[in-house]
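Hi everyone, thanks for coming.

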Amino acid sequence: MGYQKIEFSKNFYESILNGMLDLVRVIDIDGVVIFCNAKMKEEFGDQTGKKCYELFCKDSRCEDCIAIRAMRENSRFMKYAQHKDKFYYVISSPIHNEDGKVIGTVEVFRDITEQRKIEERLRRQNEILRRDLEFAKRLQQSLLPVIPKIEGYRITYTYKPCERLGGDFLDVINIDDRIVFYVADVAGHGLLASMVTIFVKQSIIKNAHTYINSSAQEIMKGVLLDFIEMNFPSEIYITIVLGILEKQSGKVIMISAGHVTEPILVKANKKVKMFSMKGQPIASIDLEQGFEMKQIILERNDKLIFYSDGLIESKNKQGEMYGKKRLIKRILNIKNINTELLIRDVRNFVSDIDDDIAVLMIEKV
């Protein structure tokens with residue numbers, strides 16, 4: 001099949017440029033506009049014969065004139081430009097004659113006004129979100145317990161969210177002759193998880209005061225019913241390990257709602273015991289699995305440690321988890337062990353903690 005050879009004439013090039021949706025102008029070596037395509041004329045009027053900077057209502061070259069740079073350095077340059085209420089992404093490319101000498105530049109203006117508006121809306125929304133997150137962080141931190149001074153006991157805790165906001169939480173509630181304490185882990189991180197931790201705190205406080213004379217199971221059952229009533233998203237669930245300490249006797253009742261980490265009892269003689277307890281997570285439905293309880297007696301210099309899974313599941317660069325064995329070894333080997341020293345040891349092991357960590361320790365002194 002035959003075809004007609006296209007001649008690369010001035011009209012040919014002008015027809016290509018006039019068919020473009022972007023705004024195009026050609027500038028000669030002296031900075032004078034020698035051509036504007038149809039879209040440029042429609043937007044700004046015919047600029048032919050004017051200095052390139054007159055488009056922006058200036059009487060001299062822009063300090064960052066990319067036309068000059070493109071011609072001087074024989075390379076393409078880009079910048080953003082604003083004209084009245086519109087924004088443009090401008091590309092200036094050198095033009096060569098048959099001998100390869102730079103004789104001018106072609107500039108393409110792409111209207112990015114709508115994109116800029118979207119970016120500005122996103123920026124404002126992100127700023128509002130940042131402020132909200134910062135407020136939520138302060139709110140969550142304000143809800144961390146102020147440990148009461150209780151004769152015969154030393155209670156310490158460390159809470160380290162991996163992000164600004166965490167899904168782990170802990171609390172210590174002093175009720176007459178008993179102490180209710182717990183570590184909770186909300187599925188996920190961020191704003192929603194942190195807001196659920198506030199629910200956990202309020203629900204446990206309410207149910208602890210209501211059922212302290214009944215049983216730990218009633219307390220946990222009350223939290224479960226509160227959670228179901230709140231109608232949280234189905235993907236949200238909570239695991240909790242909770243204890244009730246009788247100050248006088250040292251007896252501790254422990255209960256778990258699906259919490260994967262086992263409480264650790266370190267006896268004064270360095271013997272260690274871990275407690276596994278069955279129980280359903282606090283979720284959107286009652287699985288009717290109940291909550292298993294365990295009982296211990298704290299004696300002088302005994303330590304009971306509750307913690308979230310971030311403590312033992314944090315990994316180093318080789319993919320090795322900190323693990324239960326290493327945790328117990330550190331508990332036994334670190335002199336005057338406390339929760340902050342445990343967290344510090346985990347940091348030294350993994351270098352970058354990627355999960356929330358909450359640790360609470362009760363020691364009878």
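Two strands pair if DSSP finds at least two bridges between them, and strands themselves are DSSP runs of E with at least two residues, while helices are runs of H or I with at least four, all numbered from the N terminus. This is a predicted model, where local features need pLDDT of at least 70, side-chain atom pairs count only at pLDDT 80 or more, and totals for chains, interfaces and linings use all residues. Residues are numbered from 1 along each chain as its sequence is written, and side-chain values use heavy atoms, leaving out hydrogens and water.

Let's start with the open sheet: 5 strands in the order E2-E1-E5-E4-E3, paired antiparallel. Strand E2 (33–36) and strand E3 (77–83) are at the edges with a single partner strand each, so one side of each has no neighbour in the sheet. E3 pairs with strand E4 (residues 86–96) in the antiparallel sense over 7 bridges. As one example, Ala-81 has Tyr-88 in E4 as its bridge partner.

Now stay in strand E4, where you will find Ser-93. Is Ser-93 buried or exposed? Ser-93 is buried, at a relative accessible area of 16%; buried means under 20%, exposed over 50%, and partly exposed in between, using a 1.4 Å probe and protein chains only. Among the residues that Ser-93 touches are Ala-70, Arg-76 and Gly-104, where contact means heavy atoms within 4.5 Å. And if you look for Ser-276, it lies 183 residues from Ser-93 in sequence and 71 Å away in space, C-alpha to C-alpha.

Methods:
Lists of a residue's contacts leave out its neighbours within four places in sequence.
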